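This report walks through one model, from single residues up to the chain contact. Keep the coordinates open while reading.

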Amino acid sequence: MKKISTIFLYLLATAALAWALPWMYNLLLPDGSRVPYISYSPLSGEFIATDQGESWVVNPDGSKGRGVAVAERDSLLPQQYFVQLSNTGRLPDSILGREVSPKILKNTNFVFRSSPRDVNKRFADVYMIMESRPARVDFEDPKEVFRTTSDGRLEFIRIADCTVNDDRSARFSKVFADRGFAFPMRDFSANVTTRKPFDAGYLMIDDNGKLYNMLQQAGMPFLKAIQLPGSVKADKALVMENPDGRHIGFVVDTEGTTYVVGSEYDVKRLDIGKFDPRRDNLLIMGSIFNWIVRIANDDQIAWKVVDPDNYSLVAEFVMPQTQSKIEQIGAYIFPFTIAYDSLNDSFARLRVENFSLSALWLNLVLALVTVVVMRRRRKQPIAVVAAAAGVLVVGVFLFIPLLTLN
Amino acid sequence: MTRAIFIKEWLKTRRCFIICLALALCFAAYLILSMNRVAVNKGVDHIWLIMLMKDNMFVEAMKYLPVVIAVALAIAQMAPEMSQKRLKLTLHLPYPQTRLVALMLLTGVVELLVIYCMQLSAIAIYDSTFLPHELTSRVVLTTLPWYVAGLTAYFVVSAICLECSTKRRVVLGLLGVCALYPFFVQPAPEAYNCFLPWLVIFGFATSLLSFCSIYRFKEGVQD
């Protein structure tokens, strides 16, 4: 028991330092790196970066191009700075053959976000459902939730008294059975809020990868199977409800291709390459001129500009995510790091990451010091060898406990 | 002898146990009354909406309470052993030392489990009166890591109390902070569902630290 408890103490100390030391290192030495705000000018066809009040054109190789004055930037990016342009009388009546006004631009601009943290999370097994056609103009908070049962039915529960609404459950279950929805539901997306221009209901993906749109209209079920092109199998659905009502969302297939789902259930490919909602942060800034799609992950940040009419790629710029100097130095000190959370999900688990072979040199030196120190302490040869081998693998994380927990 | 050890530990901790139990139940009552107030003022549907849309389980206020209770109980149980030099006598009892220490710790764990179970049951029973079982279990699963953190804190503080060297006590204290950190890192509901079994194993493994302290005490380690 003595040996076991001592070994556990050293293991605990090693694990604690593998978390605490890199955390303290990053806290004490912020790397100071930041990504400028990058947009795309529909007028000049250039990417324009802005950081701390300074703007410049981004060259295709990512280097800094010519500087752009504030007034010029406003004119080059009318989809974003239309209020400023309008207030100073510089907003024309039309741009690129499209009629523009602050009202038109305001109503057609949209921002859509998808974060892996919101996708990779444990959802409750009951889902709220709104009334898509409320009796009054404004939407009302949901009065019922539904659950899916193991025998392929929907069960509606009244929020007021937590009882099952048998009539509605039977009606919806029948519609799902009639439309051939294969349970269990693989994925779903909905935007349950009263602050939205219209209700697109639920986008659901069944067990066969088929996409459906479910709505509750005047208490009655509406379920539409959405035809996907070819043999595409849907993997992830994302609902989008913009004021212009042109779209109801996106669907990503199992190959990582993204499709736009129109309000008439027309599905068109969005030419942004591979997108994995479970790994990539997505930001779409849409306007009547273009959609600027920003896809960021641990490896790179890509800005893709697509045509809002046919969703084809107009331009793209990719910035690789490089290690900062501080991170590079850290890789020579820490052979790995331990973390329990991540920006990419909402789960807690042990994450041993950032493995670095560069730290082997420091580990080797520390292992030699360990041998010297432990021999001076007259430890048994087997203990010296085990400690040196341990330090060679986990480096400074075991070296400190060996020196201090004597 | 086993019964005698349990009684010895119970006599040491009974006051603290009753205070902690009362505190836990008062906190449960506070959470229940808070939810009831929301339900009366804004309707039950508001609670459902907050739970489903804001991921608020209405139990955040008690997040650190299991740890506080565990620390208090560990101090009440183990501190007199060192301050009144009882540990030397205890270790001289005609009973295997490993089993003796295990029984001491088991007494504390049982008391903590009674407190935790009563508190969690009160919250779960109240929630189940107006929430479906999916949401009730979501509340329970969200709180479970905090109770496991409490058990871990109990073992770590017991080890600190039984430790005879001040320097090692500081080290154990720092290790305890690092050991408790993962239990509170992720606020999302049910974020620990997959990690929880490992945390339970880890929590009980920290009981080994107390044995480490006892062996050092027997070896006569001092500052």
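## A cis proline in chain A

A:Pro184 sits in the loop between α6 (166-178) and β12 (187-189) of chain A. The peptide bond that joins A:Phe183 to A:Pro184 is cis, with omega at about 5 degrees. Helices and strands here are DSSP runs, numbered from the N terminus (helices: H or I, at least four residues; strands: E, at least two).

## Basis of the model

This is a predicted model, in which local features need pLDDT of at least 70, side-chain atom pairs count only at pLDDT 80 or more, and totals for chains, interfaces and linings use all residues. Residues are numbered from 1 along each chain as its sequence is written, while chains are lettered from A and ligands numbered from 1 in the order in which they are written.

The model scores ipTM 0.91 and pTM 0.91. Chain B averages a pLDDT of 93, and 100% of its residues score at least 70. pLDDT is the predictor's confidence in each residue, from 0 to 100. Where pLDDT is low, the predicted coordinates should not be read in detail.

## Positive phi in two loops

Two residues other than glycine have positive phi. A:Gln52 has phi near 50 degrees. Its place is the loop between β2 (47-51) and β3 (54-58) of chain A. A:Gln52 has 6 other C-beta atoms within 10 Å, so A:Gln52 is exposed. The classes rest on C-beta atoms placed from the backbone: a residue is buried with 20 or more others within 10 Å of its own, exposed with 12 or fewer, and partly exposed in between.

In chain B, phi of B:Asp55 is near 55 degrees. B:Asp55 lies in the loop between α2 and α3 of chain B. The count for B:Asp55 is 19 other C-beta atoms within 10 Å, so B:Asp55 is partly exposed.

## A buried leucine

A:Leu154 belongs to strand β10 (residues 154-158) of chain A. A:Leu154 counts as buried because 25 C-beta neighbours fall inside 10 Å.

Which residues does A:Leu154 touch, not counting those up to four places away in sequence? They are A:Phe146, A:Thr148, A:Ser169, A:Phe172, A:Ser173 and A:Phe176. Contact means that the C-beta atoms of two residues, placed from the backbone, lie within 7 Å. A:Arg171 is 17 residues from A:Leu154 in sequence. Their C-alpha atoms are 9.0 Å apart.

## Helix pair α8 and α9 in chain A

Helix α8 (residues 360-376) and helix α9 (residues 381-394) of chain A cross at roughly 160 degrees, and their axes come within 8 Å. Axes are lines fitted to C-alpha atoms, for helices over the stretch in contact, and angles run from 0 to 180 degrees between N-to-C directions. α8(A) and α9(A) are therefore roughly antiparallel. That label applies to angles over 145 degrees; under 35 is roughly parallel, 65 to 115 roughly perpendicular, and the rest oblique.

The crossing of α8(A) and α9(A) is right-handed. A crossing is right-handed if the near helix is turned clockwise from the far one by less than a right angle, and left-handed if anticlockwise. Residues of α8(A) in the contact include A:Leu364, A:Ala367 and A:Val371. On α9(A), they include A:Val384, A:Ala387 and A:Val391. By class, the contact of α8(A) with α9(A) has 11 nonpolar, 2 polar and 1 charged residues. Nonpolar covers Ala, Val, Leu, Ile, Met, Phe, Trp, Tyr, Cys and Pro; charged covers Asp, Glu, Lys and Arg; the others, Gly among them, are polar.

Chain B has 9 helices and 0 strands. The C-alpha trace of chain B spans about 60 × 30 × 25 Å along its principal axes. Of its 223 residues, 42% are buried.

Helix α3 (residues 65-83) and helix α5 (residues 97-128) of chain B pack at about 150 degrees, with axes 11 Å apart. α3(B) and α5(B) are therefore roughly antiparallel. Their crossing is right-handed. Among the residues that meet are B:Ile69 and B:Leu73 in α3(B), and B:Leu112 and B:Ile115 in α5(B). This contact of α3(B) with α5(B) divides into 8 nonpolar, 2 polar and 1 charged residues.

## Where the chains meet

The contact takes 34 residues from chain B and 35 from chain A. On chain B, α2 (44-53), α6 (133-162), α7 (166-180) and α9 (208-218) each supply at least two residues. The largest share, 6 residues, comes from α2(B). The side of chain B that touches chain A has 27 nonpolar, 3 polar and 4 charged residues.
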